[in-house]
Amino acid sequence: MTTRVVIVDDHPLVAEGIEAILESYDDITVAATLCDGQAMIDRLDELAPDVILMDLNMPGLGGLSATEMILERAPNTRILVLSMHDTPEYVSTALSHGARGYVLKDVPTDEIKQAIDAVMRGERYLCTGAEGALEPINTGGRDPLTTREQTILLQLAQGKSNKEVAQTLDISVRTVETHRKNIKRKLGIATTAGLTRYALEHGVLQGTGANL
């Protein structure tokens with residue numbers, strides 16, 4: 001069967017280069033190359049990708065938020081992060097948001113194909129430079145944050161209001177408020193400023209392009 005791939009990267013030369021590589025394989029079709037996460041969400045149903053190669057740092061909706069929103073709507077989609085960043089914070093945060101794998105942009109060209117094949121088999125794929133970065137967000141011995149709570153923490157730490165988070169994630173404001181209370185309880189933090197500090201200190205905002 002042919003694997004449908006969409007490349008989401010705001011650098012045209014990078015996207016075009018990867019597209020040319022992947023199109024050389026008979027069992028891969030590149031359905032589209034897009035420049036930001038919102039474009040991917042807008043065309044998700046139309047393109048119906050099996051695998052999305054997702055950059056992290058993009059204008060507008062970044063790769064992490066887009067990943068979470070895509071998986072809410074199409075949970076069987078495999079998302080492979082394709083990034084220049086090899087720090088554990090970037091890798092673990094991407095995986096905690098639902099990415100099936102993490103590949104650095106400077107890997108040999110055939111490794112991207114290997115990564116796609118691996119996630120299509122249901123495996124998790126980490127390139128050599130991204131291995132060993134599976135640490136969850138540390139809550140100091142308390143209950144760990146769920147994936148949804150981590151996503152909301154990311155949104156709040158970027159300065160979004162409860163209403164803005166609710167609109168972004170397509171949930172109610174009351175649900176956001178409940179998650180916010182649970183996050184503060186689990187982390188032992190009382191204020192929104194404290195959540196932002198925590199996010200900065202623990203690398204939660206890395207890969208979002210947030211300017212704080």
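Modeller: Before we start, contact here means heavy atoms within 4.5 Å, and keep in mind that this is a predicted model.

Colleague: Okay, leaving aside neighbours within four places in sequence, which residues is Thr67 in contact with?

Modeller: Thr67 sits in helix 4, which covers residues 63–73. Setting aside its neighbours within four places in sequence, Thr67 touches Met54, Ile79, His97, Gly98 and Ala99.

Colleague: So is Thr67 buried or exposed?

Modeller: Buried means under 20% relative accessible area. Thr67 has a relative accessible area of 3%, so Thr67 counts as buried.

Colleague: How are helix 4 and helix 7 oriented to each other?

Modeller: Helix 7 is residues 147–157, and its axis lies 11 Å from that of helix 4. They pack at an angle of about 140°. Angles over 145 would count as roughly antiparallel, and 65 to 115 as roughly perpendicular. That's why the pair is called oblique.

Colleague: And which residues of helix 7 make that contact?

Modeller: On the helix 4 side you've got Leu64, Ser65, Glu68 and Glu72. Across both helices, the contact residues split into two nonpolar, three polar and three charged. From helix 7 come Arg148, Thr151, Leu154 and Gln155.

Colleague: How many bridges join strand 1 to strand 2?

Modeller: Strand 1 (residues 3–8) runs parallel to strand 2. In this pair, Val8 stands opposite Leu34 of strand 2. The bridges joining the two strands number six.

Note on methods
Residues are numbered from 1 along each chain as its sequence is written. This is a predicted model: local features need pLDDT of at least 70, side-chain atom pairs count only at pLDDT 80 or more; totals for chains, interfaces and linings use all residues. Side-chain values use heavy atoms; hydrogens and water are left out. Helices (H or I, at least four residues) and strands (E, at least two) are DSSP runs, numbered from the N terminus. Buried means under 20% relative accessible area, exposed over 50%, partly exposed in between (1.4 Å probe, protein chains only). Axes are lines fitted to C-alpha atoms, for helices over the stretch in contact, and angles run from 0 to 180 degrees between N-to-C directions. Angles under 35 degrees count as roughly parallel, over 145 as roughly antiparallel, 65 to 115 as roughly perpendicular and the rest as oblique. Ala, Val, Leu, Ile, Met, Phe, Trp, Tyr, Cys and Pro count as nonpolar, Asp, Glu, Lys and Arg as charged, and the others, Gly among them, as polar. Two strands pair if DSSP finds at least two bridges between them.
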